[in-house]
Amino acid sequence: MNNSSNKQGWIVVLAGTGINLALGVLYSWSVIAKKMTTSWGWSATSASMPYAVACGVFAIMMVFAGRAQDKLGPRLVASVGGALTGLGLILASFASKGNIALMILGFGILAGTGIGLGYASATPAAVKWFPPAKKGLITGIVVSGFGLASVYIAPVTNTLLKNFGINQTFLILGIAFFVATVGLSQFLNNPPAGYAPAGMLISSASTAANSKKHEYDWHEMLKTPQFYLLWSMYAFAAFAGLMIIGHLAKISAAQLPDVNLGFLLVAILAVGNASGRIIAGGVSDKLGRTHTMLLVFLFQALMMGVLAISTTSILLIVSATLIGFNYGANLALFPAVTADYFGTKNLGVNYGLVFTAWGVGGVFGSMVAGKIVDATGSYSMAYLIAAVLCIIASGITFIIKAPNEVDIEVQAVETAN
């Protein structure tokens, strides 16, 4: 890999990170939801609905977006995604106290679609410029933008809500993110045909071994038990993380009513979220994906218990940071392990299918927590459910292994027959 190729690879990484910084508007929802419950009188369940729909649509679109960027290239798909995200937020600005439909259509469906298109295009393009030994780290850097977004989006959104109200806030964010994401998308591109990263040129033996690694298409991947085990772990881990992200401002108000930490906690969680993606991605390159997952899942289960007893500012801040760290780690680990198991050629669509688990976790995590707090006035049962799911996910790490060539040969025979 010459210097120009190295430079181009890092340009793609930085552009992808920047796009995710804008698309991370999803993580500002708890600040917006809190304002909707106080200003518009929406219930916790109603205020959770646009966010839950956005998570679900985001995850579903990742499948189609991944396939589209594999075929059409990341630049075009990301540009369309950026435009839809901006337009969705602008449409949401026309919603009102008695009209949740426009909020669901704008934020939930259009912005959710745009986020899926943009997010699906950033990571596969970046990973292809670098050797396998850096797969976890590069993935972590690119997706860290999405997690880090709330560091600035939460306080900016909070300020906009105070000064301009809900509708104008959506309008301003929509215009800003339209310009930013479409502009940065122009820097995304795949390496040229025949390109080999420097780490794959160290020896002819390593290059030959890599060339023999089977590249799964999505049909083959769906026939492996590994896909379903990965999917289950991802759904359980996402349930816990997204439940907290979607409700954090309201959790703070419920457990520490005398102190207004809402948007600050969202920003603090984002720092943990982003650092978890980078650190876990790099650690997994050395320690192994499943070993790293085991540690993350168990730690997250523990933190659900800590959050349940967090009734001081310090405990809430520490809990938010570490829950964000564990959640963010998943967003680096699962695309990396998908590439490890199934190859990079079809990574867009393959990871898109794995990522549907994130959508299921997001939808159920947000809605279940909303219903529990509406019914009981407490998040205690939601914390317990999330902790149990994380423990189950940790157990799966002991049985999952990468598919091998024997599996490929068996699948080939079955297909031929």
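**Exercise 1. The nonpolar patch**

Helix 10 (residues 262-287) contributes four residues to the nonpolar patch, which is the most; helices (H or I, at least four residues) are DSSP runs, numbered from the N terminus. The model is a predicted one, in which local features need pLDDT of at least 70 and side-chain atom pairs count only at pLDDT 80 or more, while totals for chains, interfaces and linings use all residues. Residues are numbered from 1 along each chain as its sequence is written, and side-chain values use heavy atoms, with hydrogens and water left out.

Task: State which residues make the nonpolar surface patch, and classify Ile-278 by its accessibility.

Solution. 
1. Patches are made of residues with over 30% relative accessible area and no salt bridge; like charges are joined within 9 Å, and nonpolar side chains (Val, Leu, Ile, Met, Phe, Trp, Tyr) within 5 Å. Accessible areas come from the Shrake-Rupley method with a 1.4 Å probe, and for residues only the protein chains shown count as cover.
2. The patch consists of Leu-137, Ile-278, Ile-279, Val-283, Leu-287 and Leu-295, and its area is about 470 Å².
3. Ile-278 belongs to helix 10. Its relative accessibility is 34%, so Ile-278 counts as partly exposed. The classes are buried (under 20% relative accessible area), exposed (over 50%) and partly exposed (in between), with a 1.4 Å probe and protein chains only.

**Exercise 2. The charged network**

Task: Find which residues are linked with Arg-289 in a network of salt bridges, and say how many salt bridges are counted.

Solution. 
1. Side chains of opposite charge can pair when their charged atoms come close. A salt bridge is a side-chain nitrogen of Lys or Arg within 4 Å of a carboxyl oxygen of Asp or Glu.
2. The count under this rule is two salt bridges.
3. One of them joins the side chains of Arg-289 and Asp-285, at 2.9 Å from N to O. Asp-285 is partly exposed, with a relative accessible area of 23%, whereas Arg-289 counts as buried at 9% relative accessibility.
4. Arg-289 also meets Asp-340 in a salt bridge, at 2.5 Å from N to O. Because Arg-289 lies in helix 11 (residues 289-308) and Asp-340 in helix 12, this pair ties together parts that are 51 residues apart in sequence. Asp-340 is partly exposed, at 22% relative accessible area.
5. The network therefore links Asp-285, Arg-289 and Asp-340.

**Exercise 3. Aromatic rings**

Task: Describe the geometry of the pair Phe-355 and Trp-358, and name the members of the aromatic cluster.

Solution. 
1. Rings of Phe, Tyr and Trp (its six-membered ring) pair if their centres lie within 6.5 Å; planes under 30 degrees apart count as stacked, over 60 as edge-to-face and the rest as tilted.
2. Across the whole structure, 19 aromatic pairs are found. Phe-355 and Trp-358 form a stacked one, with 4.9 Å centre to centre and 15 degrees between the planes.
3. These two residues are separated by about one helical turn, because they are three residues apart in helix 13 (residues 347-376).
4. Phe-355 is buried, at 0% relative accessible area, and Trp-358 counts as buried at 1%.
5. One aromatic cluster is formed by Phe-58, Tyr-119, Phe-146, Tyr-234, Phe-297, Phe-334, Tyr-351, Phe-355 and Trp-358.
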